[in-house]
Amino acid sequence: MAELDELQKSLAGSVIDPASAEFDAARRCFNAAVDRRPAVIVRCLGSGDVATAFDYARSHGLEVAVRGGGHNPAGHCAIDDGLVIDLSAMRRVDVDAAAGIARADGGSTWLDFDEATQAFGLVTPGGVVGSTGVCGLTLGGGIGHLTAQHGLTCDNLIGAELVTPDGSVVQAGPDENPQLLWALRGGGGNFGVATRLDFRVHPLQRVVGGRLEYRGDRVRDVLRLFQDVAARSPRDLSCQAVLSLDESLTPALLIAPCLTGSDTDADLDALRSAPGLVSDDVRERTFLEQQRVFDSPYGENRHYWKGHFVHELPDDLIDELLARVIAFGRPPCHVLIESLHGSPKDADGDFSALAYRRAAFNVSAMAVWADGGDDAEHVEWARSTAAAIEPWSLGGGYVNYMQADEPIERVRAAFGDAAFDRLQALKTQFDPTNVLRRNQNIPPR
Ligand SMILES: Cc1cc2nc3c(=O)[nH]c(=O)nc-3n(C[C@H](O)[C@H](O)[C@H](O)COP(=O)(O)OP(=O)(O)OC[C@H]3O[C@@H](n4cnc5c(N)ncnc54)[C@H](O)[C@@H]3O)c2cc1C
């Protein structure tokens with residue numbers, strides 16, 4: 001088409017349309033339940049291309065989606081009949097070790113980032129699956145293997161370059177648009193397309209990590225121990241738990257600890273000697289090895305996730321979660337329990353928009369299945385399990401795990417009323433017509 005040829009001539013990157021050989025790969029999402037056909041995908045190579053893509057979308061009346069790592073379970077990176085701003089070819093990460101800063105391009109993945117920073121023995125806390133996008137994860141908060149040690153990923157965000165929907169290039173940092181930097185620490189992709197994010201990096205001497213797997217009835221007791229360990233708030237030990245059933249429908253628990261520092265740790269020793277342990281591959285490893293402890297096949301399974309940040313993980317809630325996993329009886333559906341102990345509690349409301357850092361845990365029902373004919377029962381399981389968690393809820397869910405059907409009240413609750421109002425004012429300033437609405441949306445006023 002002549003118009004697309006013209007668009008191509010004005011880009012450093014490339015135009016991918018439905019006739020292109022790469023089209024199907026380029027529109028694919030992590031969640032196989034999302035199958036959308038954009039009118040055009042603009043694979044950008046810099047901020048100029050992003051501005052051109054916005055301009056083309058505006059002049060052709062196309063709705064816009066933004067693709068970073070393509071992992072969002074809601075499938076926000078793809079859109080039927082619209083234009084996708086695809087950043088997947090912008091993956092450079094520069095490390096200034098002397099200044100303690102890493103700068104990541106808008107489409108970098110955590111694997112790109114960790115390889116670059118680990119070459120200097122440095123880290124920023126990211127997610128636990130290497131192919132997830134740095135920007136998408138950071139803009140929604142970011143929980144991972146180093147959360148207790150260094151806080152949420154967005155707590156380490158110190159600067160950004162954005163292209164706003166009118167094509168302007170805007171810097172955010174302590175000295176320039178500090179309010180925008182505040183908003184980017186959790187407020188999502190609402191304000192512009194990030195072509196670069198700057199992070200504080202930290203030295204990392206040693207990691208002891210891996211997987212502890214438990215089976216059988218004692219899983220309940222180990223989850224209690226997990227809760228006790230997190231409540232003691234050890235800053236050098238992050239940990240996450242996954243409650244599920246194995247193929248023989250026996251209760252299964254996976255705990256993924258990540259211990260840093262030079263000492264042994266009594267809490268980790270207690271987890272390693274807990275009853276029901278069937279597998280222990282915890283050992284000293286590189287951080288890049290630790291980042292491969294979890295994996296999840298891309299674009300193969302259907303997903304529906306829903307959860308709550310909770311004040312505590314009392315016995316009643318543990319029993320409820322276990323009963324729901326057993327009653328549904330369909331692995332690989334599971335409940336992910338991420339601890340927010342330690343450093344996330346250091347920041348206050350003036351530092352970032354997020355209210356959920358006060359929570360003890362993020363508890364998410366994650367339905368995972370293969371056959372489209374099974375959609376209804378899996379979605380219902382995730383929804384009803386999330387409803388069962390609600391009595392312990394802080395009031396909001398994790399924007400990074402939300403599906404597209406979440407009501408605005410849940411997004412608002414992730415920030416609290418006052419922060420949400422501030423975010424709305426900034427949205428009105430940087431995206432007054434809500435061009436960037438394919439996200440956990442903060443509508444302009
Ligand atoms: C297998 C898997 C593992 C995960 N692990 C973790 C984890 O350990 N910790 C955690 O906190 N979360 C985790 N997540 C959730 C993840 O953080 C979010 O789904 C996040 O939105 C993914 O970002 P992405 O760039 O990969 O996704 P995409 O689908 O490409 O983007 C999602 C949205 O993020 C925004 N966005 C992305 N890039 C940009 C950009 N450069 N500028 C502006 N907006 C942008 C856009 O609104 C976009 O629609 C995981 C998800 C999956 C599927």
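1. Let's start with the pair Glu213 and Arg211, which form a salt bridge with their closest N and O atoms 3.2 Å apart. A salt bridge here is a side-chain nitrogen of Lys or Arg within 4 Å of a carboxyl oxygen of Asp or Glu. Glu213 is buried at 17% relative accessibility, while Arg211 is partly exposed at 26%. For these words, buried means under 20% relative accessible area, exposed over 50%, and partly exposed in between (1.4 Å probe, protein chains only).

2. A word on the basis of this note: the model is predicted, local features need pLDDT of at least 70, side-chain atom pairs count only at pLDDT 80 or more, and totals for chains, interfaces and linings use all residues. Residues are numbered from 1 along each chain as its sequence is written, and side-chain values use heavy atoms, with hydrogens and water left out.

3. Back to the charges. Arg232 and Asp267 meet in a salt bridge of 2.6 Å, N to O. This pair links distant parts of the chain, 35 residues apart: Arg232 sits in the loop between helix H8 (219-231) and E14, and Asp267 in helix H9 (residues 266-272). Asp267 is buried, with a relative accessible area of 11%. Helices (H or I, at least four residues) and strands (E, at least two) are DSSP runs, numbered from the N terminus.

4. Asp55 and Arg58 also pair, with closest N and O atoms 3.0 Å apart. Both belong to helix H3 (residues 47-60); being three residues apart, they are separated by about one helical turn. Asp55 is partly exposed at 40%.

5. Have a look at the network of salt bridges that links Arg103, Glu161, Arg196 and Asp198.

6. A cis peptide bond, with omega about 10°, joins Pro331 and Pro332; Pro332 is in the loop between helix H11 (315-328) and strand E19 (334-339). Asn177 is not a glycine, yet has a positive phi of about 50°; it lies in the loop between strand E9 (169-172) and helix H7 (178-184). Leu249 likewise has a positive phi, near 65°, in the loop between strand E14 (237-245) and strand E15 (251-260).

7. Finally, the overall picture. The protein has 14 helices and 20 strands. Its radius of gyration is 21 Å, close to the 22 Å that the globule rule gives for 445 residues, so the protein is as compact as a globular protein of that length. That radius is taken over C-alpha atoms, and the rule is 2.2 Å times the number of residues to the power 0.38. Buried residues make up 60% of the 445.
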